[in-house]
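Please read the following account with the model open beside you, so that each residue can be found as it is named. The walk goes from the surface to the pockets, and then to contacts and backbone details.

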Amino acid sequence: MKRAGKLLACPFYRKILTDERKEYRIYGKSSQRYAPIFVLPTFLAFVIGFILPFIEGLYLSFCQFTTVKDAKFIGIGNYQRIFTDSTFTNSFKFTVLFAVASIVLINVIAFILALLLTRKLKGTNIFRTIFFMPNLIGGIVLGYIWQILINCVLSIVGKPLLALNTSAGYWGLIILMCWQQIGYMMIIYIAGLQNVSDDLLEAAQIDGATPWQTLWKVKLPMVMPSITICVFLTLTNSFKLFDQNLALTGGDPNHMTEMLALNIYQTFYARAGAQWKGLGQAKAVLFCLLVIVISVLQLRATRKREVQQ
């Protein structure tokens, strides 16, 4: 402290500090002045690639059209037709059931694996890599691989194939989704568990807490930020699932395993006529709003349980 006081009392040293502060102020002001220039390219890309197409898509959902140049405004007619479309309501029910099952299974299994792989065991890094690898494979490829595997199993046990078996299609999609996503969520949970302070765990042990009590009273509250992220990702991925659904079941039999994203695709591209384009666009807008609302509610519900570290 005395040495620092002597340095501050030195006129030469004080001049150096003053010059550095001036340079910092000048640099800070100049960087703030030019910040919009650096933000502009990203902002323009966001506006051109997302905002403008969304606004145009919102307008087209109130129209009948075959191309964007011959759009004819018809009001809310497309939205009224959505609720009389049985394929859309069936797809919504199927998507909700699929989302609930996949969210629970993926997060529970991923968290259990994270608990096992955060213990001091040999070969944990190898297991982490193995569990994460399915996430690197594309959805279309996974869908066709699992279609072959599941159809082989169904033929061996004498059951109808995926194209004629609704329950097999439902559970096949859940198995595929779990196999692909568990490893990714596991990595997030591992990061959360490694963030839990050793002091808290030692204090719980000293207080006589059992491993089960430590898990529920210490670890789970401390990893709530990770749970929030993982539930959000599995929720949105489950509702937006398209390529795996297309490759594995294609909506068969008779649209019974068709999820919302695939139903929108089939409405827009698989049917000819101006009335179907507008209906498909209205479904897409409603689907977007639905995912946003559900995601916001989920984030608010889980963030309330997060503990300040």
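What follows describes a predicted model, one region at a time.

From the surface we can turn to the open spaces. The largest pocket holds about 660 Å³ of space, and of the 18 residues that line this pocket, Leu115, Thr118, Arg119, Leu201 and Lys219 lie nearest its centre. Several helices contribute to the lining of the largest pocket, with at least two residues each from helix H4 (86-117), helix H7 (166-194), helix H8 (198-206) and helix H9 (211-222). Sorted by class, the lining of the largest pocket comprises 8 nonpolar, 4 polar and 6 charged residues.

The second largest pocket has a volume of about 350 Å³, and it is lined by 13 residues, with Asn107, Val108, Tyr189, Leu220 and Ile227 lying nearest its centre. Here H4, H9 and helix H10 (224-240) each supply at least two residues of the lining, and H4 gives the most, with 6 residues. The lining of the second largest pocket divides into 11 nonpolar residues, 1 polar residue and 1 charged residue.

Helix H4 also holds Ile103, which counts as buried because its relative accessibility is 16%, under the 20% cut-off for that class. The C-alpha atom of Ile103 is separated by 8.9 Å from that of Cys178, although the two residues are 75 residues apart along the chain.

Which residues form a salt bridge? A search of the whole structure finds 1 salt bridge, and it is formed by Asp85 and Lys283, whose closest N and O atoms are 2.6 Å apart. Asp85 lies in the loop between helix H3 (77-82) and H4, whereas Lys283 lies in helix H13 (residues 274-303), so this pair ties together parts that are 198 residues apart in sequence. Both Asp85 and Lys283 are buried.

The last stop is the loop between helix H11 (243-248) and helix H12 (260-269), where Pro253 is found. The peptide bond that leads from Asp252 to Pro253 is cis, with omega near 0°. Asn254 has its place in the loop between H11 and H12, and its phi is near 55°, a positive value in a residue other than glycine. His255 lies in the loop between H11 and H12 as well, and although His255 is not a glycine, it has a positive phi of about 65°.

Notes. Residues are numbered from 1 along each chain as its sequence is written. This is a predicted model: local features need pLDDT of at least 70, side-chain atom pairs count only at pLDDT 80 or more; totals for chains, interfaces and linings use all residues. Side-chain values use heavy atoms; hydrogens and water are left out. On a 1 Å grid over the protein atoms alone, a cavity is a set of points where a 1.4 Å probe fits but cannot get out, and a pocket is an open set with protein on both sides within 12 Å along at least five of seven lines; lining residues have an atom within 4 Å of a point. Grid points are joined across faces, edges and corners, and a volume is the space filled by probe spheres set on the points. Helices (H or I, at least four residues) and strands (E, at least two) are DSSP runs, numbered from the N terminus. Ala, Val, Leu, Ile, Met, Phe, Trp, Tyr, Cys and Pro count as nonpolar, Asp, Glu, Lys and Arg as charged, and the others, Gly among them, as polar. A salt bridge is a side-chain nitrogen of Lys or Arg within 4 Å of a carboxyl oxygen of Asp or Glu. Buried means under 20% relative accessible area, exposed over 50%, partly exposed in between (1.4 Å probe, protein chains only).
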